[in-house]
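Hi there,

Here's the structure I promised to pass on.

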Amino acid sequence: MGNKPNLSVPQKPTVNVRLDQLEQLVCSDCGHDKFVQLVDVRTLPALLSPNRQEGIVVTAAGIACSECGAENKAKPKSTLVLGEEMMGLQQKTLDNRFTYHQPQQKSIATFVQIRKAAKDLAELINNQCPDSREMSLSITKLEECVFWANASIARYQDDSDGS
Ligand SMILES: [Zn+2]
């Protein structure tokens, strides 16, 4: 395999000013100065989930006055830019994770190799380890290991062109 995928993680911006030097945002409805963060929550069907268990996807969705509940519509420019960048990255990551990736011809040999190596280990475990919950778990984890290894190829195979 060639280039490693560039897994960029959004950096937390640092602000070099004291908080009391910044203008306090107040609720335009009631004047209160404390807010709660709003989150957008989506249910994730088991079929689309990487661990095959139903889950939720939580993304930041603005702020609301903690006193009267009014959603804050004023979006300071810097926050807006930062918010969109981070949402964009998250969305890109989600799109990549939850989109079906057609296996490319060049990747198939590697899929087969990984499955073969895992199967050898599975057979060793099955033949040598006592029948037990632990043995069964080790086989399950080995399957997961194959899933994730294959997912790494499927999700980033477009990035490793020209290797
Ligand atoms: Zn308010």
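Let's begin with a question: leaving out residues up to four places away in sequence, which residues does C30 touch? The answer is C65, E67 and C68. C30 sits in the segment before β1 (35-44). Along the chain, C30 and C68 are 38 residues apart, yet their C-alpha atoms are separated by 6.9 Å. C30 still counts as exposed, because it has 12 C-beta neighbours inside 10 Å, and a residue with 12 or fewer is put in that class.

Before going further, please keep in mind that this is a predicted model. The mean pLDDT of the chain is 78, and 75% of the residues reach 70 or more.

Now the overall layout. The chain has two strands and three helices, and from the N terminus on the order is β-β-α-α-α. Buried residues make up 1% of the 163 residues in the chain. If you take the contacts between residues at least 6 apart in sequence, 61% of them join residues at least 24 apart.

Helix α2 covers residues 105-128, and at 1.5 Å a residue its 24 residues should span 34 Å; the end C-alpha atoms are 36 Å apart, which agrees. α2 is also hardly covered, as the count of buried residues among its 24 residues is zero.

How do α2 and α3 lie relative to each other, roughly parallel or roughly antiparallel? Their axes come within 10 Å and cross at roughly 170 degrees. Angles over 145 degrees count as roughly antiparallel, so that is how these two helices are described. On the α2 side, the contact is made by S107, T110, F111, I114, R115, A118, L121, A122 and I125. On the α3 side, the residues are M135, S138, I139, L142, C145, V146, A149, N150 and I153. Together, the residues of this contact divide into 13 nonpolar, four polar and one charged. As you go down those lists, remember that an α-helix has 3.6 residues a turn, so residues three or four places apart point the same way.

A149 is partly exposed, with 17 other C-beta atoms within 10 Å.

The other one is E143, also found in helix α3, which covers residues 133-156. Is E143 buried or exposed? E143 counts as exposed, because it has 12 C-beta neighbours inside 10 Å. From E143 to R115 is 9.0 Å in space, C-alpha to C-alpha, and 28 residues in sequence.

That's what I have for now.

Cheers

Conventions: Residues are numbered from 1 along each chain as its sequence is written. This is a predicted model: local features need pLDDT of at least 70, side-chain atom pairs count only at pLDDT 80 or more; totals for chains, interfaces and linings use all residues. Helices (H or I, at least four residues) and strands (E, at least two) are DSSP runs, numbered from the N terminus. A residue is buried if 20 or more other C-beta atoms lie within 10 Å of its own, exposed if 12 or fewer, and partly exposed in between; C-beta atoms are placed from the backbone. The expected span of a helix is 1.5 Å times one less than its number of residues. Two residues are in contact if their C-beta atoms, placed from the backbone, lie within 7 Å. Axes are lines fitted to C-alpha atoms, for helices over the stretch in contact, and angles run from 0 to 180 degrees between N-to-C directions. Angles under 35 degrees count as roughly parallel, over 145 as roughly antiparallel, 65 to 115 as roughly perpendicular and the rest as oblique. Ala, Val, Leu, Ile, Met, Phe, Trp, Tyr, Cys and Pro count as nonpolar, Asp, Glu, Lys and Arg as charged, and the others, Gly among them, as polar. pLDDT is the predictor's confidence in each residue, from 0 to 100.
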